[in-house]
Protein chains: 4
Amino acid sequence: MTVQNVSFLGLGVMGYPMAGHLANAGYTVTVYNRTTAKAQAWCEEYAGHAAATVAEAVAQADIVFMCVGNDDDVRSVTAQVLQTLPSGATLVDHTTASAELARELEQTCAQQNIAFIDAPVSGGQAGAQNGQLTVMAGGDESAFAKVLPVINSYARHAQRLGPAGSGQLAKMMNQICIAGIVQGLAEALHFGQQAGLDCEQVIQVISKGAAQSWQMDNRATTMLANQYDFGFAVDWMRKDLSIALEEARRNGSTLALTALVDQYYADVQK
Amino acid sequence: MTVQNVSFLGLGVMGYPMAGHLANAGYTVTVYNRTTAKAQAWCEEYAGHAAATVAEAVAQADIVFMCVGNDDDVRSVTAQVLQTLPSGATLVDHTTASAELARELEQTCAQQNIAFIDAPVSGGQAGAQNGQLTVMAGGDESAFAKVLPVINSYARHAQRLGPAGSGQLAKMMNQICIAGIVQGLAEALHFGQQAGLDCEQVIQVISKGAAQSWQMDNRATTMLANQYDFGFAVDWMRKDLSIALEEARRNGSTLALTALVDQYYADVQK
Amino acid sequence: MTVQNVSFLGLGVMGYPMAGHLANAGYTVTVYNRTTAKAQAWCEEYAGHAAATVAEAVAQADIVFMCVGNDDDVRSVTAQVLQTLPSGATLVDHTTASAELARELEQTCAQQNIAFIDAPVSGGQAGAQNGQLTVMAGGDESAFAKVLPVINSYARHAQRLGPAGSGQLAKMMNQICIAGIVQGLAEALHFGQQAGLDCEQVIQVISKGAAQSWQMDNRATTMLANQYDFGFAVDWMRKDLSIALEEARRNGSTLALTALVDQYYADVQK
Amino acid sequence: MTVQNVSFLGLGVMGYPMAGHLANAGYTVTVYNRTTAKAQAWCEEYAGHAAATVAEAVAQADIVFMCVGNDDDVRSVTAQVLQTLPSGATLVDHTTASAELARELEQTCAQQNIAFIDAPVSGGQAGAQNGQLTVMAGGDESAFAKVLPVINSYARHAQRLGPAGSGQLAKMMNQICIAGIVQGLAEALHFGQQAGLDCEQVIQVISKGAAQSWQMDNRATTMLANQYDFGFAVDWMRKDLSIALEEARRNGSTLALTALVDQYYADVQK
Ligand SMILES: NC(=O)C1=CN([C@@H]2O[C@H](COP(=O)(O)OP(=O)(O)OC[C@H]3O[C@@H](n4cnc5c(N)ncnc54)[C@H](OP(=O)(O)O)[C@@H]3O)[C@@H](O)[C@H]2O)C=CC1
Ligand SMILES: NC(=O)C1=CN([C@@H]2O[C@H](COP(=O)(O)OP(=O)(O)OC[C@H]3O[C@@H](n4cnc5c(N)ncnc54)[C@H](OP(=O)(O)O)[C@@H]3O)[C@@H](O)[C@H]2O)C=CC1
Ligand SMILES: NC(=O)C1=CN([C@@H]2O[C@H](COP(=O)(O)OP(=O)(O)OC[C@H]3O[C@@H](n4cnc5c(N)ncnc54)[C@H](OP(=O)(O)O)[C@@H]3O)[C@@H](O)[C@H]2O)C=CC1
């Protein structure tokens with residue numbers, strides 16, 4: 001079977017350009033966005049059309065993609081999807097959400113013979129726009145194989161990492177790493193400024209060695225310019241760390257640094 | 001003036017290969033090591049000769065390099081150096097030590113018309129062996145210009161970052177960054193193992209994006225194999241963080257994550 | 001109206017003796033426990049009788065007390081209570097649970113003209129047995145006035161602290177304080193032992209001053225005997241801190257120490 | 001031998017009233033203060049006279065008391081004391097300082113047949129004024145027995161806790177406990193305010209139970225009034241925690257909460 005019809009639900013910062021790449025790649029794209037204006041704007045920019053409801057948007061789809069906010073949003077949108085999505089189709093969720101939700105929705109979808117893939121992304125807004133996202137996926141192997149070429153429209157690298165929820169768990173590992181990196185970098189820059197160093201110059205030197213990180217290469221200058229706007233959405237980061245801490249509570253891991261960083265973000269949010 | 005005679009004091013894990021690169025580069029090298037056996041071994045491997053005392057080792061030197069343990073060691077060795085080092089020479093300290101010490105020793109040396117450069121390194125044992133160290137320097141600009149070509153025998157990149165102490169302060173920034181990166185990575189791997197993920201595979205995927213770091217690229221596999229041997233000397237790391245925390249106390253910066261990581265190392269040391 | 005009939009749901013470590021005090025105080029007590037054996041044991045020890053279901057237990061009640069496990073437990077038991085509890089009655093929840101749940105259940109109960117009081121307790125098993133509990137309550141003022149004399153059967157001090165949820169919020173403050181106190185005490189004892197001090201003697205001296213706490217007076221000796229069994233149920237403490245951290249996320253407070261202590265308990269749980 | 005002549009060095013917030021109690025108890029008191037004006041004021045308030053130098057102040061003393069700032073101050077004042085203090089006398093140091101210093105000074109003093117007692121205090125300015133301090137002492141047993149009745153002029157409770165340094169180590173335990181208590185209390189109050197509770201009322205209730213502490217009883221109201229002035233000298237507290245963290249580094253204990261609280265104080269200091 002060749003995939004023809006795809007739907008994209010949620011045209012936010014991430015979803016809008018992702019859906020655009022699908023259209024550019026030649027798929028027949030139906031989009032849906034809760035706030036209608038964004039869907040209309042999208043239709044003016046890309047080939048494809050907008051549906052008035054989720055149910056209408058997915059009624060003919062082979063694959064449905066979604067990128068909304070949090071667990072509650074995913075659950076609510078999925079309920080609407082399941083009203084009309086044909087048996088045999090696949091639902092791919094790009095939202096960063098809990099692993100538990102992924103396991104739950106895989107079960108629910110299975111009852112209608114629909115495959116569910118959790119597929120959170122990293123790469124930020126720039127990655128979505130340039131079609132250079134990293135996609136971490138969980139779920140059935142053959143279902144993933146079917147969606148992979150389509151996902152590659154906007155991904156530099158997409159990989160299945162295990163059963164349902166594995167994509168979300170991998171994204172949690174990603175965010176835990178970032179929490180440590182960004183906080184270490186923030187403290188180093190704060191320290192350097194207090195010490196009267198030329199931090200730009202120091203970063204140039206130390207980024208050649210064992211202290212190097214993607215964040216240092218790409219964010220240190222921004223952070224120096226305005227130390228408290230961390231160059232990413234603090235609200236999303238807190239949501240993500242909250243999901244990771246919740247999962248850690250369940251699987252018995254100790255995440256002291258992550259818990260502490262999460263509390264710093266509480267201060268930053270104010 | 002062309003530099004001919006150089007001395008190297010402290011043939012430890014770092015100093016031994018560094019002094020070797022100087023010999024290989026054609027300098028006339030005199031080495032000194034407290035424990036004589038190491039100096040003898042060095043003389044068998046490289047062209048150069050060993051002196052019985054620090055005073056003897058530096059009596060004819062244009063430049064003296066030293067790489068010993070901590071502040072106390074540097075202070076004690078420097079006192080011996082100043083007994084015989086000729087006026088006009090330069091003393092380069094590659095030890096990771098405090099910025100205060102560097103400022104103090106620059107003053108002391110100046111009284112004998114000797115330039116002092118603090119020049120801690122990063123790159124580890126491998127960097128020392130391959131001559132690929134990064135050198136962060138502080139001190140007088142022309143003194144640094146004089147020693148730079150010699151340092152380049154074992155450095156991939158050496159840079160002066162400001163007045164006396166600036167090299168040490170830059171190294172502190174380096175270690176603060178590493179503290180956050182390594183702890184975040186350790187927590188992510190611990191979490192991934194508790195979650196039952198194939199961590200190698202996840203690391204391969206996420207190292208393509210915003211969670212990437214030198215530590216992830218070079219240490220994650222080792223850490224997975226034996227999570228609590230961090231692939232570097234915990235004792236050195238604690239010494240370095242202690243120096244940074246002490247300096248932070250002085251310059252009024254807040255290093256909560258660094259302080260916490262330092263305490264974890266206390267547990268690891270046991 | 002004079003209160004005659006009271007029901008007690010959940011005869012655990014806390015509920016069993018609390019219900020006993022009600023019987024001893026002369027109230028007509030009907031108890032219910034999911035595991036029947038405990039209810040039978042209770043009936044042999046106290047005047048009162050056991051019901052086979054929640055619905056049966058509360059069908060004639062003026063006041064229903066409940067002390068179960070967590071939010072989910074409270075929600076499930078309340079649903080059963082509302083099947084038969086007469087209009088005009090009051091439901092008092094002694095479980096440590098979330099403030100949100102209290103607000104939600106107050107609304108639900110109000111639809112059947114039933115008052116809901118959140119009333120978590122402190123004082124532990126000993127307090128329950130000796131009738132010396134502290135009760136922190138939230139909810140309607142006149143409803144609280146009605147139940148107060150009955151609660152006094154097992155409370156040294158019971159107080160309403162505001163609208164629905166206020167009891168739970170006060171209990172969270174209580175647990176946050178305890179988290180800091182116990183962790184500080186644990187670190188001090190650990191430090192003292194490493195320093196080779198006679199910790200019992202030191203505690204006797206410092207408990208006379210600004211370092212004094214109920215925990216020091218009552219728990220230090222136990223902690224010294226076996227430092228890692230903290231003399232209270234670590235699982236309950238983690239649940240309570242989790243509730244507090246969740247609420248903090250909602251109300252925008254930063255609880256760094258609490259978050260850190262919660263992570264230590266993660267280690268202790270292993 | 002009956003003690004007649006005592007000297008008090010350092011008439012700061014603590015020393016001034018302590019020396020006053022000695023005078024009121026009938027001892028012949030000679031005081032010294034670096035800033036002369038304070039010594040003069042003291043002489044106008046109490047019976048006793050002021051000396052112009054440390055050496056003069058202690059030349060006839062049986063016991064010398066000192067309460068100055070930090071390790072460096074104690075070392076410098078002690079050097080002056082040893083110029084004239086007669087053999088057979090005792091030097092009691094009430095400064096909060098390191099245990100290492102106490103061990104070092106006991107040795108130095110012993111060479112002149114002078115006993116050295118480390119005797120840091122708790123109880124704050126109020127305790128000093130009311131003569132209700134707690135004194136934690138280390139050093140020789142018979143030397144302590146000799147000074148105890150004199151110390152009781154201003155102490156509610158004074159106790160020897162072991163050899164030289166033990167008083168300082170006990171004081172560190174005291175400060176570690178306080179660090180946890182105060183931070184827990186601060187977070188609880190912050191949380192309560194964000195939650196819209198009447199915190200005064202909640203504190204009244206929870207101070208009856210397991211969350212009680214001297215700090216809660218005596219400082220909560222002040223902290224509520226002005227959350228960031230902690231009712232004690234943050235600078236002293238940081239000095240004390242720094243001493244404890246340094247000692248922990250030496251004796252191999254892990255003080256994560258203490259390290260974190262110390263960093264918060266860094267923020268408060270700004
Ligand atoms: N932004 C980033 O850098 C990254 C974000 N992510 C994750 O991707 C997800 C989306 O992020 P982003 O695009 O930035 O978010 P936006 O807030 O920009 O977009 C969210 C989208 O979801 C829709 N939506 C939310 N809730 C519902 C609902 N209940 N029913 C229907 N539609 C809903 C919104 O509709 P409407 O327009 O009507 O509000 C909007 O289209 C999040 O989980 C985020 O954590 C992952 C990596 C990077
Ligand atoms: N190892 C690493 O990966 C890195 C280390 N560093 C820093 O470099 C410095 C040296 O480290 P490393 O080479 O690993 O250490 P080693 O312990 O291997 O070597 C230390 C050297 O210093 C000498 N030494 C120490 N104290 C004295 C003293 N008081 N008088 C005379 N000689 C003394 C030792 O002599 P002896 O042989 O007699 O003991 C030895 O030659 C440290 O400051 C460390 O933090 C920086 C980057 C990486
Ligand atoms: N304040 C408090 O609540 C408590 C304090 N402590 C501890 O007690 C000690 C004293 O505290 P506090 O009285 O509050 O401090 P103050 O700053 O009020 O007083 C310090 C005293 O020491 C003198 N002094 C300091 N350095 C020297 C020096 N190098 N040579 C000679 N004299 C010196 C000062 O002299 P000058 O007047 O000339 O400056 C002054 O008399 C500290 O170690 C503190 O940590 C312990 C418990 C409670």
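Which backbone atom lies 2.9 Å from an oxygen atom of ligand 1? I looked this up first, and found a backbone N or O atom of A:Val13 at that distance.

**Entry 1: ground rules.** I note that this is a predicted model, in which local features need pLDDT of at least 70, side-chain atom pairs count only at pLDDT 80 or more, and totals for chains, interfaces and linings use all residues. Residues are numbered from 1 along each chain as its sequence is written, chains are lettered from A and ligands numbered from 1 in the order in which they are written, and side-chain values use heavy atoms, with hydrogens and water left out.

**Entry 2: contacts of ligand 1.** I took a polar contact as a pair of N or O atoms within 3.5 Å; within protein, one must be able to donate a hydrogen and the other to accept it, and residues adjacent in sequence count only if both atoms are side-chain atoms. A backbone N or O atom of A:Met14 lies 2.9 Å from an oxygen atom of ligand 1. I also found a polar backbone atom of A:Thr96 at 3.2 Å from an oxygen atom of the ligand. Taken alone, ligand 1 exposes 900 Å², and the protein buries 82% of that (Shrake-Rupley method, 1.4 Å probe; for residues, only the protein chains shown count as cover).

**Entry 3: the shell around ligand 1.** I counted a residue as near if one of its heavy atoms lies within 4 Å of the molecule. On that basis 23 residues surround ligand 1, the closest being A:Asn33, A:Thr35, A:Lys38, A:Gly69 and A:Lys239. By class I have eight nonpolar, nine polar and six charged residues. Here Ala, Val, Leu, Ile, Met, Phe, Trp, Tyr, Cys and Pro count as nonpolar, Asp, Glu, Lys and Arg as charged, and the others, Gly among them, as polar. Which element gives the largest share of this shell? I found that H11(A) does, with three residues. Helices (H or I, at least four residues) and strands (E, at least two) are DSSP runs, numbered from the N terminus. Domain 1 (5–162) and domain 2 (169–269) of chain A each give at least three residues to the shell; the bounds come from an automatic or database domain assignment.

**Entry 4: ligand 3 in chain D.** I found 23 residues around ligand 3, with D:Val13, D:Asn33, D:Thr35, D:Lys38 and D:Lys239 coming nearest. A nitrogen atom of ligand 3 is 3.0 Å from an N or O atom in the side chain of D:Asp73. A polar backbone atom of D:Val68 is 3.3 Å from an oxygen atom of this ligand. Helices H4 (71–84), H6 (124–130) and H11 (234–251) of chain D each supply at least two residues of the shell.

**Entry 5: A:Asn113.** I found A:Asn113 in the loop between helix H5 (99–110) and strand S6 (115–118) of chain A. Its phi is near 55 degrees, a positive value in a residue other than glycine. Most residues other than glycine have a negative phi. A:Asn113 counts as partly exposed because its relative accessibility is 49% (buried is under 20%, exposed over 50%, partly exposed in between; 1.4 Å probe, protein chains only).

**Entry 6: chains A and B.** I laid chain A on chain B with an RMSD of 0.0 Å, by a turn of 180 degrees and a shift of 0.0 Å along the axis. The two copies are therefore related as by a two-fold rotation axis. The superposition is by least squares on the C-alpha atoms of residues with pLDDT of at least 70 in both. Of the residues of chain A, A:Ser213 comes closest to the axis, at 1.9 Å (C-alpha).
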